[in-house]
Amino acid sequence: MKNAKQIIAAVVAIAALFLFPQATGNPYYIHLVETIMIYAIVLFGLDIVVGYTGQVSLGHAGLFGIGAYTAGVLIMKLGAPVYVTLPAAIAVTAAFGAILALPALRVTGPYLAMVTLAFGTIIQILINEMTFLTEGPMGITLTKPELFGHLLDETEYYWLVAVMLLLSLVFVHRVLRSHLGRAFEALRGSPVASDCMGVSVYQYKVYAFVISAGLAGLAGALYAYSEQYISPNTYNFEQTVLFLLAIIMGGRKTRTGALLGATIIVMLPKLLDDLQMFRYVSVILAIIVAVSAGVALKRGKATLQAAMIPVVGSIALAGLSFKLETMTDWRLSVFGLITLFVVYYLQDGIVGFVRNALNLRGHAASDADIASAMTPTGDALSRAGGDAGGNLLEAKGILMQFGGLKALNNVDITVKRGTIHGLIGPNGSGKSTMMNVLTGIYVPTAGTVSFAGTAQAGRTSSEIALSGIARTFQNVQLFGEMSALQNVMVGLHHSFKSNLADVALHLPRYLRENRDTSVRAMGLLRFVGLAELAGEEARNLPYGKQRLLEIARALALDPQLLLLDEPAAGLTAPDIKELLAIIQKIREHGVTVILIEHHMDVVMSLCDTVSVLDFGQKIAEGLPAEVQANEKVIEAYLGGQAS
Amino acid sequence: MQILTQLVFSGIALGMIYAVIAFGYQLTFATSDTLNFGQGDALMLGAMVGLSLVGLGVNYWLMIPIVCVFGALQGAFVERIGVRPAIKIKSEFGWIMSTIALGIIFKNVAENLWGRDDLKFPSPLPEAPLHFLGANVLPMEILVIVGAVGMMLAVEFFNRKTIYGKAVVATFNDRDAAKLMGINTGLVITFSYALSSMSAAFAGVLIAPLTLTGATMGAVLGLKAFAVAIIGGLTSGMGIILGGIILGVAETTTGFYLSTGYKDVPGLVLLLIVLAVKPAGLFGKSAIKKV
């Protein structure tokens, strides 16, 4: 029922889009909508980087420019037809996207923003200076493309752009809702946890940048044909900021937001050209802001000072619009002010704001409904192979040094397959450091770790995770903005073999894998008792449930060895009982467990062997009862007599 | 050889300007882990205000302290409007975008107030070059070097020797602990922004007589100074002087031997390489990631 409605709405929208040129007949408006569509393609791509992976890219105007110039140069030098220039623009720009992503291996946040800014600036300089290729500041003039021997006119080209927009929309939408999209989103939620779920942060960052750049390249080429003239100054810093503004104003992580954002940044300059119109709009805006600030003050939601800033700002803007003869010169200031406003008062963008106001459910929740409706098949928890009794994990002489501090000093730990191995010790004794060494987050200063007979040296966290070591974190590292179900599905990422083409075309392989993993993820949630909360965002779950969700996510990796870092911390007594049952069941499935815990009753009732760390050294090891009676252990926990 | 010495000398002067701007990045990064993406525009505003003051007949030397006060106010403004709300909601994206937005606004306002053309800033010192090691050196270049080093030393002295400076250092070491010790960390952060923009404005009036002054002069300077700040390490003190000199000389030589069009490229490429290879900087210490 709901689906039918959506399909009808989509058909009507597409028909309207295609009939628009016929309806207006005005080439100016046709060109305007064409530009909006082209910008929307860039924004679909930019949203992957900004909205999903959470990185700030200031290089997208540069990428847009590379696309435009790839098309321009190919046409000017070789007279290439459109079915060569578009793919070439996508390929070349995607390659540049990969280069841009290289520094992303090491840096994030403001550093990455500066890197992308430098990249954009270099591109602009190169376009300007490499006159033998690009004609420099002169620019390149070209005509509309020819298709099947027929030179497209303005309307026909509009249709071509519309088709490209729809293709990009479907492509981006499918990619972002697949395991690839979940991987991108996981990077933003918690890079460390992504790596420990076998989703290589670096690999997927590069992937995100490449896809994003490819779309920018396509849009750039379309833009070149659309304007019929390209010059270096179009692809500058302001353009980049405009793209970012469009994304945050429209709303991150939605395609509607990108379309809306594109419309705004194309229409706004036109609005500023019409001074009379702008005066009306700015006065109305000031009134709205003043009223909403008043409401916020009355409800005690904002302090006077905080509420005054936007009010003063918008009144100043309105006043300014009456003072000035022309707004065109102040265009950038207006954009700047809008950016400030959006960043602080409209963080989820217009789409997010409307969604919140109307209390709409996102697709994550409906996905969860669908998954829970599917019939479970078999056991969600996989059985770990291998014969019990052998050594699964051997760590020898582990030394972990931070500056002068030895967090771990020559520690040996051997874990037998199929057992629960306790790791205890006072705070700061090196337990979590040990976890981090075992999962490859820290590279030990000395010593070797071998798992299932293979040495772990030189392996990355994600490789270690895929080889069968899963973990939870002492301070919960969930992907907060993703639903519980999606969190577990990130853990199941390894069970997808589909590539980009499978995802984009919804080939049978992807559809089958997607269905199977949804069912399994649901089964795992049921196993830890979170089935009812599958559609809830992870950050909204209560603390105890978050810990259980982490266990479900870790189990999704089909681990041989599961590291639990203080799973009972902050849990109530009944919750702990539940946890004990869960850990028992995990053991029954043949999964080996290393358990760090401060609740001694938990440790004593579950563990087969216990190792005790103190100041980075192993001071005791043995059966739980032996360890409990050990003098050194008692001294470490309670303090010894002064000697 | 003579030309090379000359290029090296102007490179050093240019490098010191980068070092001063980079120093500004370090100041705010130290107290609040944030940067002003509009640092280059702070420099431009300083130069523009200085130019107007000189145009009104104010003596160059008298103008400098006025510009410094202006720079400090401008920095405090950026912190209050752009950075403080973002720190409060712990949004990295927030302060990046808002300092960029403020930078754009400043640039646009400058374009409208002072026009879009580059202007000549009258030199306070004679423009006849001095002869030094067989090379021609402008007296202004010497002033730039002396002024830049003096500025950085003064701020360092302040941080190390006065009680207010200790508050800055304490905030840098542990913001929450400093707050619990009764330090108004918010004020310290505002103050660091004021100092940061003040050094940028000061750098602006130093460099202006050597180059042209215009609304767009800041953007690339700010970006390249970031490269210097990274090379020197965002948290380590004087590596930026060396970083500045490396970049300045690389640039003047590229400009001379290759093409002036490409003179910005080495700095930007250097930034990309350093961040891709050793993001903690050549002199910085990498922090340990806690999980």
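Q: Leaving aside neighbours within four places in sequence, which residues is B:D264 in contact with?

A: Contacts like these show what a residue packs against once the chain has folded up. In this predicted model, B:D264 touches A:I125, B:V220 and B:K224.

Q: Where does B:D264 lie, and is B:D264 buried or exposed?

A: For burial, count the C-beta atoms around the residue; 20 or more within 10 Å means buried. B:D264 sits in the loop between α10 and α11 of chain B. It has 21 other C-beta atoms within 10 Å, so B:D264 is buried.

Q: At what angle do the axes of α10 and α11 of chain B cross?

A: Picture a line through each helix and compare directions. Helix α10 (residues 239-257) and helix α11 (residues 265-277) of chain B come within 8 Å and cross at roughly 135°. Because of that angle, α10(B) counts as oblique to α11(B). On the α10(B) side the contact uses B:L247, B:A250, B:E251 and B:T254, and on the α11(B) side B:V265, B:P266, B:G267 and B:L270. By class, that makes five nonpolar, two polar and one charged residues.

Q: How many residues of α9(B) are buried?

A: In α9(B), 15 of its 16 residues are buried. From first C-alpha to last, α9(B) reaches 23 Å, close to the 22 Å expected at 1.5 Å a residue. Just after α9(B), B:G233 takes a positive phi of about 95°.

Q: Which helix supplies the largest share of the side of chain B that touches chain A?

A: To read an interface, list the residues on each side, then see where they come from. Here, 33 residues of chain B contact 39 residues of chain A. Helices α4 (92-114), α9 (217-232) and α11 of chain B each supply at least two residues of chain B's side, with the largest share, 14 residues, coming from α4(B). Chain B's side divides into 25 nonpolar, six polar and two charged residues.

Key:
Residues are numbered from 1 along each chain as its sequence is written. Chains are lettered from A and ligands numbered from 1 in the order in which they are written. This is a predicted model: local features need pLDDT of at least 70, side-chain atom pairs count only at pLDDT 80 or more; totals for chains, interfaces and linings use all residues. Axes are lines fitted to C-alpha atoms, for helices over the stretch in contact, and angles run from 0 to 180 degrees between N-to-C directions. Helices (H or I, at least four residues) and strands (E, at least two) are DSSP runs, numbered from the N terminus. Angles under 35 degrees count as roughly parallel, over 145 as roughly antiparallel, 65 to 115 as roughly perpendicular and the rest as oblique. Two residues are in contact if their C-beta atoms, placed from the backbone, lie within 7 Å. Ala, Val, Leu, Ile, Met, Phe, Trp, Tyr, Cys and Pro count as nonpolar, Asp, Glu, Lys and Arg as charged, and the others, Gly among them, as polar. The expected span of a helix is 1.5 Å times one less than its number of residues. A residue is buried if 20 or more other C-beta atoms lie within 10 Å of its own, exposed if 12 or fewer, and partly exposed in between; C-beta atoms are placed from the backbone.
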